[in-house]
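Colleague: I have the file open now. Pick a place to start and walk me through it.

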Amino acid sequence: MVQQKQDYLWWQTGVIYQIYPRSFQDSNGDGIGDIPGIIQRLDYLKWLGLKAVWISPFYPSPMKDFGYDISDYTAIDSIFGTLEDFDQLVREIHQRNMKIILDLVPNHTSDQHPWFLESRSSRDNPKRDWYIWQDAGEDNAPPNNWLAMFGGTAWEWDEATNQYYYHAFLKEQPDLNWRNPEVREAMYNVMRFWLDRGVDGFRVDVMWHMIKDKLLRDNPPNDEYLPHMATYEQLLPVYSTDQPEVHEIVREMRSLLDSYEDRMMIGEIYLPIHKLVSYYGNDNDGTHLPFNFMLLSATWDASSIARSIDEYEGALPMYGWPNWVLSNHDQPRITSRVGIQQSRVAAILLLTLRGTPTIYYGDEIGMRDVPIPFAEVHDPQGLNMPDKNLSRDPARTPMQWDNSKYAGFTSGKPWLRIDKSSHRENVESQKTNEYSILRIYRRLIELRNSEPSLMYGNYIPVASDKQVIAYVRKYEGYPSFLVVLNLSHRPAYFKPVHKPMSGTIILGTVPDLEGQPYQDMINLSGDEGIVVKLDDHHRQ
Ligand code: GLC
């Protein structure tokens with residue numbers, strides 16, 4: 001299927017930005033970000049050139065997992081604002097010709113959700129089967145060996161009704177039973193509620209978890225388990241996740257979305273590439289963008305990254321649109337994984353590969369993971385496995401807007417520490433600094449938004465070795481681009497293998513190289529990357 005240029009949709013051509021609402025902008029001094037705060041910052045997002053914002057959950061929640069434990073799917077938690085604030089947010093985003101993507105958490109609710117309160121009230125409650133209840137095994141043991149992502153067994157005993165219920169995450173996050181048609185309909189109604197309010201898409205939380213083995217068989221041991229890993233990884237979750245029936249649910253969600261105009265969904269899926277791509281569906285009837293987390297877990301080495309990109313490009317179905325992610329609220333930030341200098345190279349990679357990039361708030365100013373003293377840790381993953389350095393708080397700290405006491409984030413006391421570098425590294429200071437990472441992000445987005453080759457041109461690998469990765473982006477009839485990235489800290493040469501190329505360097509990790517001619521061979525400093533606009537004869 002060859003797409004014509006005009007066929008490309010907003011979620012294919014534009015850049016997505018993830019907002020973790022607790023940490024983006026506080027408007028009322030309680031130290032926690034909120035929806036009116038996001039509205040105040042929309043002009044910044046527009047200035048950056050973004051097309052869409054995905055906002056992590058802001059629904060009513062006991063906040064055991066900071067909003068991923070929802071007690072009401074169709075309202076706004078008062079910490080974050082009101083439904084009126086939300087409607088205003090949608091209006092203001094749309095006025096700026098941008099889109100809004102909400103987080104949909106269909107796998108589990110809070111244990112305080114009225115559905116669960118009913119379900120656990122008695123064995124014969126009509127909602128009993130909305131969750132996964134099981135009798136105890138021998139000696140009151142859990143029904144099987146499944147483990148919870150946040151530590152311990154995945155089964156919680158309920159004294160009142162003498163059964164266990166299943167929770168893939170915290171015990172305060174019971175899993176819904178997606179085999180029950182009423183559950184499906186209830187969740188599809190949630191989707192309709194937000195779509196009718198003008199939402200443009202969903203990021204579907206833990207999509208690959210949504211349905212479990214009917215027989216609830218034991219998961220086998222993971223022979224590659226090492227002591228530093230989360231306890232969950234002791235087993236291979238082959239029966240508790242990624243079941244064939246999940247695709248039926250995804251198809252149903254997709255057809256609901258397709259009954260509206262121009263809507264989309266992203267699936268949060270941590271699976272190897274060949275399994276991941278099955279979530280596109282059989283005939284373009286799956287999720288539009290199964291999140292590709294390859295760059296989150298990759299060893300930062302040019303040849304292995306180049307190989308992974310090829311594997312991904314090679315595995316995509318004809319109708320499968322690629323996408324790329326460098327960081328999110330569950331993982332260490334890119335800056336803390338590869339270093340501040342290399343994170344500039346990573347920015348070029350993210351924004352010049354073929355497919356939709358998602359930027360995690362703050363990455364564009366090089367925010368790094370912030371050390372949080374143990375006494376101040378909020379994240380249950382960090383609290384439950386204290387010896388494993390798994391807390392996600394360091395990557396969730398407040399956005400650094402300016403050099404004031406609390407970085408322009410709040411007038412009160414921030415819910416989580418702000419990086420001590422915030423007086424130097426912030427949006428205000430970087431906006432005017434030619435050498436800042438923010439400038440690189442903004443220029444890259446600008447370039448992508450205006451050049452068809454970067455927006456939807458082919459990806460053509462040119463060369464890779466232990467240090468350098470180089471590729472061309474090309475869309476017939478338009479200028480082509482050569483991207484050369486030094487993924488190491490040492491200087492490196494690059495010379496195209498097959499044929500000589502020439503052009504002009506139009507963007508670099510530092511501005512000094514820009515405007516210089518490029519001819520065939522180039523010598524890059526460590527942590528340097530360039531984008532070359534190739535001369536016209538490379539167009540065909
Ligand atoms: C997803 C979210 C994560 C959350 C988990 C349970 O992985 O990204 O933050 O803890 O689901 O809902």
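Modeller: Start at N323, which sits in strand β10 (residues 323-325). Helices (H or I, at least four residues) and strands (E, at least two) are DSSP runs, numbered from the N terminus. This is a predicted model, so local features need pLDDT of at least 70 and side-chain atom pairs count only at pLDDT 80 or more, while totals for chains, interfaces and linings use all residues. Residues are numbered from 1 along each chain as its sequence is written, and side-chain values use heavy atoms, with hydrogens and water left out.

Colleague: Is N323 buried or exposed?

Modeller: N323 counts as buried, because its relative accessibility is 1%. Buried means under 20% relative accessible area, exposed over 50%, and partly exposed in between (1.4 Å probe, protein chains only).

Colleague: What does the side chain of N323 reach?

Modeller: The backbone oxygen of P290, at 2.8 Å. A polar contact here is a pair of N or O atoms within 3.5 Å; within protein, one must be able to donate a hydrogen and the other to accept it, and residues adjacent in sequence count only if both atoms are side-chain atoms.

Colleague: On to the ligand. Which of the 14 residues around the ligand come nearest?

Modeller: D65, H108, D205, E268 and D330. A residue is near a molecule or strand if one of its heavy atoms lies within 4 Å of it.

Colleague: And how does that shell divide into nonpolar, polar and charged?

Modeller: Four residues are nonpolar, three polar and seven charged. Ala, Val, Leu, Ile, Met, Phe, Trp, Tyr, Cys and Pro count as nonpolar, Asp, Glu, Lys and Arg as charged, and the others, Gly among them, as polar.

Colleague: What lies 2.5 Å from an N or O atom in the side chain of D330?

Modeller: An oxygen atom of the ligand. A polar side-chain atom of H108 is 2.8 Å from a ligand oxygen, and for R203 the corresponding distance is 2.9 Å. Taken alone the ligand exposes 310 Å², of which the protein buries 96%. Accessible areas come from the Shrake-Rupley method with a 1.4 Å probe; for residues, only the protein chains shown count as cover.

Colleague: Which side chain does D205 join in a polar contact?

Modeller: That of R203, at 2.8 Å. D205 is in the loop between β7 (201-204) and α7, and at 6% relative accessibility D205 counts as buried.

Colleague: What else have you got in the loop between β7 and α7?

Modeller: W208 is found there, and W208 is buried too, with a relative accessibility of 6%. The C-alpha atoms of W208 and L48 are 32 Å apart in space and 160 residues apart in sequence.

Colleague: Now α7 itself. How far apart are its end C-alpha atoms?

Modeller: They are 18 Å apart, which agrees with the 18 Å that the 13 residues of helix α7 (residues 246-258) should span at 1.5 Å a residue. The expected span is 1.5 Å times one less than the number of residues in the helix.

Colleague: Which residues in α7 are buried?

Modeller: V246, I249, V250, M253, R254, L256 and L257. Seen down the axis of α7, the buried residues fall within an arc of 160°, so they line one face of the helix. The arc is that of the directions from the helix axis to the C-beta atoms.

Colleague: Backbone next. What is phi of M63?

Modeller: Near 65°, a positive value in a residue other than glycine. Most residues other than glycine have a negative phi. M63 lies in the loop between β2 (52-55) and α4 (83-95), and counts as buried at 12% relative accessibility.

Colleague: What about phi of D139?

Modeller: D139 has a positive phi of about 55° and is not a glycine either. D139 lies in the loop between β4 (133-134) and β5 (155-158). With a relative accessible area of 76%, D139 is exposed.

Colleague: Last one: where is P380?

Modeller: In helix α13 (residues 380-384). P380 is buried at 7% relative accessibility. The C-alpha atoms of P380 and D65 are separated by 6.6 Å, although the two are 315 residues apart along the chain. D65 is also one of the residues that come nearest to the ligand.
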